[in-house]
Amino acid sequence: MQNKGIIRAFAVAMALVCLYQLLFTWRTRRVEKEAKTYAAGDYQKQNYYLDSLSNTPIYNFLWLRSYTYRECKEREINLGLDLKGGMNVILEVSVADVIKALSNYHPDPTFQDALVRAAKMQQNSQDDFISLFGRAFREIDPNAQLAAIFRTPELSDKISFSASNDDVLSVLRRESNSAVENAFNIIRSRIDRFGVVQPNIQKLETSGRILVEMPGVTEPERVRKLLQGSANLEFWETYDISEVSPYLSVADQRIRELEKKISPAPVAVDSVPAAQPVAQETTAVEDSTQSLLQRLSQENAGTTADSAQLQSDISRDYPLTSLLVSQMPSVRNSGQAIPVSSGSVIAGVFLKDTAKVSAYLRMLQSDRNVFPQNLRFVWAVKVWTDPETGKGTDLLELHAIKETGFNGRPPLEGDVITTASADFNQQGGSSAEVSMTMNREGAQIWARMTKENINKCIAIVLDNSVYSAPRVNQEITGGRSQIVGNFTINEATDLANILKSGKLPAKATIIQEEVVGPTLGGESIRAGIISFVMALIVVMIYLAFYYSTAGVIADISLIVNMFFLMGVLASLGAVLTLPGIAGIVLTLGMADDANIIIFERIREELRAGKGIRLAVSDGYRNAYSAIIDGNVTTFLTGIVLFFFGTGPIQGFATTLVLGILTSLFCSIFISRLLFERMLNANKPIKLSIPFTADVFSKARYNFVDFRKKAYIISCSIIAVGVISMILQGFNMGIDFTGGRSYTVRFDQTVNTLELQTSLRNAFDNNTPEIKTFGSDKQVKITTDYLMDDEGALFQNVDSVVETRLFEGSKILLDDDVTLEQFRSDNLMDSQKVGASIADDIKKDAVVAVLLSLLVMFLYIFIRFRNWQFGAAAVVALFHDSMIMISIYSLLYKVLPFSLEIDQHFIAAILTVIGYSINDTVIVFDRIREYVALYPKRPIKDVYNSAINSTLGRTMNTSLSTIFVLLIIFIFGGEVIRGFAFALLVGIGVGTYSSVFAAAPVVYDLINAGTRRKKGKQVK
């Protein structure tokens, strides 16, 4: 072995660097263990303890330098959110809103229609929104000029009157990119103020999207408000309840008519009374409406004799008003009621009815004969608080604001705010408020607004939600104001931070979200460590059993490999996820492949009569080609996974790629150094025990003649799978369909049918999918409730869905469990994937698989310089993928664990592609070698001999990998069980296809080509 000194020096240097990096992880774990002991289960107290140590030195490296806790955290192995808990979101900044703002909200109908059309086009296009908008604008009116819309005072120096549409689009694209960059900086500022340790914030390649990872977060609702709040603060004049009540009866009548339009005799629109005549009959209609609201409140209070019949009649005759609550029964004074409607609050609406009310109001929005043109309804940001108990209810207030500004803009906006701070309520009590100070211009407008609205309410609206609507008692001068709304100090602090960080240039919406509770994260770590340790032990025992002394050498190189891999992960700041641990465990199985190839080669040389030293030397030399080919193909698959995967899949790809590199170094160089050391010391080296000495060495199977039967078996399985795909399809995960997913744990066994019925009622007859997830006390709930654009009616829609989930789950909860307790104790994790990003994931998945197949074909074509080898490899990979997909379609209703088609399944397919091509290349390499060695033998015998000679390596590598995957499947936890099952199936099928599909297809293709050339079959 040449250059042993250089290799030994490099190994020592790498070991020292890895040790240096891993010591940071060891030190932070000690500190966090102390914090956990100190907090005694109080997660918030634990975080406070760690925050206090952020700038405290906790580690001295050789007395040369001290590192603080924060610096050690930056250098430790990063755990993914699925291992330590936290929140992962992808935000999308609305480019459409940026364009509207750049036009100063121009009312041009062509412009408005183009925005709507571009939004629809974006659902099925990979082009950016600016390009789609330009295309839509041209389609609607080819002669229209964008310069007429966008030559505003702010853009007058960039857009001239004669600017072409393409020039204007270029300016819009630059301004849009600048707005996204500004949004990124504002979001970073908000998160920094939030105080999360080690947040990860980065812009994604797709324009307008920002990834935010916040480890350790236990209040996802608070984070949602922090991230999605655009800080678009507005001050509006309002309508009083007495002014709006007359229009509600007209609204009920109009809704009834619209719902009857499907009948043969639809009601004409112009038959609806105009707004002005209704206003002239205010007294009669108002009395009728107030009477109805009184009856509704009595029904809600349970005081009406025939409650069910009354509710049915009212719902039919008054579809909108029947959902409004004007008063609630008093808790302390039986028979009395507490008013909900007052000032700008038209009524309260139960959370379960908010979607329906919003749909009705949207239905009437374009009908100017129902409500005044400048009347707009806005939901409150928080539920109504019972003044007697001080507790929140499940009623959401509906406010009526008056649009009096130009182009529907408010008279006063948040850009006049100079400072904002959280304070305790000046009137006393435990609630907090936000105090604001305005600049001179804002103070003047505020003084005028308050002077003109004495004894009326002014609504303070943030991001289209009413935070406060105080009644004005007198003119307010000096530019000071408060936002009060029964806030906690945390809520007030977050709101003040949002205002101080600045206004986002456009609305930011969470299009993908994953929340993992600390309990589930801790369980994932334990499951990952258990599976890792057990897999390491099993593989080491197997190698030592099968290869004796050489197996012990492989075990040592395996331990060194794991040490190097963890050190490299820490050095690069890579994130270790649960799929990443699976990647490491899989690396254990695949790392043995190089050792097994080498050992089998050495055993062949020994059987040929060579001495041990020469056999080791020739064995390593002859194994290099197969090792490099096999690992390069898997490496290329990992690269594709990394660039087309997201989140955990990238974590899996990272560990897989790094694991291949460290495995190559350890298998080729570390094990060789150990062999050389033993040879130089004249120590005996054994490569087998008597039981394993001749296993597969005398194999003489006729694989070529069996190929047609193998073709029939494979085609039959695939045909059955295709029929299953047509008849029952797949269990598609929300990664591809969009939707919400919740993992909920209860204290009792779950009857999924009863829970499904309860949740269907809570979700407005939207039936969720419920499956047992792990134990019979834990379920996974999937739903698309309020996921479509029509459902996103108010800012806190995610909170509303969680509230409905809580209501539907009450049949399995104790009576005293609150929503907050349900979120912290029962809701293990949640995930949301919007429709737009689900489409992107599907497209990326297809591209990733096709690109992997293309890369495999090109590599093998270049490496073997024969298109037949490349084509056969692609056929085998297609065969493996189709059988995996078929089994998922056939068994997803049968097996007791999840078989979803999601990103993890795509990762499994790509991993199997890498593994299968690795196996196939080994066989191909031996075929090429034997064809060159035995040119006069019948081609069939050459192929059979080549395949038989690789059986030892094929079976040993497959068995060691399957042992590892079985351990992941059994002990790795429910989250990764489906992924492990896919790999188990794939590895088995990949091993089969290497022998019974790939090699025989090469034989048939080459044989067919030879027949065409010579006009006869080569035998």
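The protein chain has 32 helices and 24 strands, which are DSSP runs numbered from the N terminus (helices H or I of at least four residues, strands E of at least two). Residues are numbered from 1 along each chain as its sequence is written, and side-chain values use heavy atoms, with hydrogens and water left out. As the model is predicted, local features need pLDDT of at least 70 and side-chain atom pairs count only at pLDDT 80 or more, whereas totals for chains, interfaces and linings use all residues.

**Salt bridges**

- The count comes to 30 salt bridges, each being a side-chain nitrogen of Lys or Arg within 4 Å of a carboxyl oxygen of Asp or Glu.
- Glu 92 and Arg 209 meet through their side chains at 3.1 Å, N to O, and this pair links strand S4 (residues 86-93) with strand S6 (residues 209-215) across 117 residues; Arg 209 counts as buried at 7% relative accessibility.
- Glu 513 and Arg 224 form another salt bridge, with the closest N and O atoms 2.8 Å apart, joining strand S19 (residues 508-516) to helix H10 (residues 220-228), 289 residues apart, and both residues are buried.
- Arg 926 and Glu 604 form a salt bridge at 3.2 Å, N to O; Arg 926 lies in helix H29 (residues 903-933) and Glu 604 in helix H19 (residues 578-607), so the pair ties together parts that are 322 residues apart in sequence.
- Arg 926 is buried at 8% relative accessibility, whereas Glu 604 is partly exposed at 22%.

**Helix packing**

- The axes of helix H25 (residues 797-808) and helix H26 (residues 819-826) come within 10 Å and cross at roughly 85°, which makes H25 roughly perpendicular to H26 (65 to 115 degrees); axes are lines fitted to C-alpha atoms over the stretch in contact, and angles run from 0 to 180 degrees between N-to-C directions.
- Residues making the contact (heavy atoms within 4.5 Å) include Leu 805 and Phe 806 of H25 and Phe 822 of H26.

**Nonpolar surface patch**

- Ile 530, Met 534, Leu 966, Ile 970 and Phe 971 form a nonpolar patch with about 410 Å² of accessible area together, by the Shrake-Rupley method with a 1.4 Å probe; patch residues have over 30% relative accessible area and no salt bridge, with nonpolar side chains joined within 5 Å.
- Helix H31 gives the most to this patch, with 3 residues.

Key. Patch = residues over 30% accessible without salt bridge, like charges linked within 9 Å, V, L, I, M, F, W, Y side chains within 5 Å. Parallel < 35°, antiparallel > 145°, perpendicular 65-115°, else oblique. Buried < 20%, exposed > 50% of the residue type's maximum accessible area, 1.4 Å probe, protein only.
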